[in-house]
Amino acid sequence: MIKKTLVLIAIVGLLMVFWPLMSNFEFSQNLSELASNYVRGSVNELNTQNVVTSVIVTYRGLDTLGEVTVLFLATVGIGFLLGKRKGKKRPASELLQTTSSFLFALIVLFGVYIFTHGHLTPGGGFQGGVVIATAFLLLMLSDVNMKFNHTILQIVESFSGAFYIVIGIVGLVLTIGFLSAEIIPLGEFGKLISAGAIPIIYSFIGLKVGSELTNIIDTMRGE
Amino acid sequence: MISVIMIVVLGVIMIVAGIIALHLKNLLAAIITAGTISLLASVIYLILGSPDVAMTEASIGSGLTTIIFLYALNKVQKEDKND
């Protein structure tokens with residue numbers, strides 16, 4: 001009885017905290033000043049079709065660097081804490097094996113498409129990386145005794161992370177700004193090779209996220 | 001108007017799914033239900049006009065997180081058997 005009363009009090013308290021937010025909420029019809037600056041800048045200054053990408057990679061580039069670092073630390077932690085252990089596993093069904101060998105290349109291709117077209121269409125490095133990791137997951141499900149070469153994964157991961165920071169530092173050296181997209185020519189609006197360094201940065205992020213998540217899944221799977 | 005109805009319906013289904021996931025005794029079914037919540041959330045993001053967030057939610061929330069939960073459940077059950 002006391003427990004239920006306490007839960008009720010907690011719910012009412014939360015309602016009272018959030019009610020002021022709810023009561024004078026209205027849908028804004030216009031963008032705020034900062035938002036309209038970002039929208040104008042990404043189209044006029046950065047030649048980027050997808051505004052979200054230009055905000056994530058350039059205007060808020062330092063935040064993205066922090067996000068990538070958090071993911072890296074999570075991978076390191078999981079690899080450190082979860083040791084390998086052996087156990088018997090039953091082999092996957094014929095159906096799964098055939099389908100995954102067919103789908104693997106297609107899914108990887110789709111992931112690469114998502115992060116190379118991050119500046120044109122929705123999506124980007126993080127989403128593309130996750131899609132690539134799911135392709136490797138399918139491979140792991142179909143072949144339970146498969147062993148991954150962790151050295152290659154780590155090399156891909158650390159090199160793409162290092163190049164990401166090198167691009168940022170090049171912007172500093174050229175006195176344009178840390179992680180600026182304008183270190184190389186911006187190109188034509190709406191073309192695949194445009195928006196300066198944004199596709200390059202997002203490709204590195206995609207490779208990094210893909211290899212990290214593959215590493216996490218493989219560690220979680222155990223041997 | 002129709003998008004508002006869709007969002008309300010999806011939100012109600014999400015809340016119901018969350019309550020079901022809490023009360024299910026079968027952990028496997030609870031994990032799948034929790035994955036469904038993320039999938040419906042990604043549909044809501046798509047209706048609200050943010051395909052980038054919807055993609056992230058669909059791939060990470062309902063794909064990868066569910067898989068990692070399943071692996072964790074597998075490990076926990078194995079250790080229960082060994083003990």
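Trainee: Where do I start with the two chains? How many residues of chain B are in contact with chain A?

Mentor: Start with the contact between them. In this predicted model, 12 residues of chain B are in contact with 16 residues of chain A. On the chain B side, the residues divide into 7 nonpolar, 3 polar and 2 charged.

Trainee: Does α1(B) lie in the open or is it buried?

Mentor: Look for buried residues, those with 20 or more other C-beta atoms within 10 Å. Of the 22 residues of α1(B), the number buried is 0, so the helix lies largely in the open.

Trainee: How do I read a helix pair? At what angle do α2(A) and α3(A) pack?

Mentor: Take the angle and the axis distance together. Helix α2 (residues 33–44) and helix α3 (residues 51–59) of chain A pack at about 95 degrees, with axes 9 Å apart. An angle of 65 to 115 degrees counts as roughly perpendicular, so α2(A) and α3(A) are roughly perpendicular to each other. From α2(A), the contact uses Tyr38(A), Val39(A) and Ser42(A). From α3(A) come Val51(A), Ser54(A), Val55(A) and Tyr59(A). The contact residues divide into 5 nonpolar, 2 polar and no charged.

Trainee: And the core? Which residues have the most contacts inside the largest one?

Mentor: First, the general idea. In soluble globular proteins, nonpolar side chains tend to be buried together. Here the largest nonpolar core has 34 residues. Those with the most contacts inside it are Val130(A), Ala133(A), Ile198(A), Ile201(A), Ile205(A), Leu213(A) and Ile217(A). Both chains supply residues: α3, α4, α5, α6, α7 and α8 of chain A, together with α3 of chain B, each give at least two. Helix α8(A) gives the most, with 10 residues.

Trainee: Now a loop residue. Is Gly190(A) buried or exposed?

Mentor: Count its neighbours; 12 or fewer means exposed. Gly190(A) has 12 other C-beta atoms within 10 Å, so it is exposed. Gly190(A) lies in the loop between α7 and α8 of chain A. Beyond four places in sequence, Gly190(A) touches Gln49(A) and Leu120(A). Gly190(A) and Ile176(A) are 14 residues apart in sequence and 23 Å apart in space, C-alpha to C-alpha.

Methods:
Residues are numbered from 1 along each chain as its sequence is written. Chains are lettered from A and ligands numbered from 1 in the order in which they are written. This is a predicted model: local features need pLDDT of at least 70, side-chain atom pairs count only at pLDDT 80 or more; totals for chains, interfaces and linings use all residues. Two residues are in contact if their C-beta atoms, placed from the backbone, lie within 7 Å. Ala, Val, Leu, Ile, Met, Phe, Trp, Tyr, Cys and Pro count as nonpolar, Asp, Glu, Lys and Arg as charged, and the others, Gly among them, as polar. Helices (H or I, at least four residues) and strands (E, at least two) are DSSP runs, numbered from the N terminus. Axes are lines fitted to C-alpha atoms, for helices over the stretch in contact, and angles run from 0 to 180 degrees between N-to-C directions. Angles under 35 degrees count as roughly parallel, over 145 as roughly antiparallel, 65 to 115 as roughly perpendicular and the rest as oblique. A nonpolar core is a set of buried Ala, Val, Leu, Ile, Met, Phe, Trp, Tyr and Cys residues joined through C-beta atoms within 7 Å.
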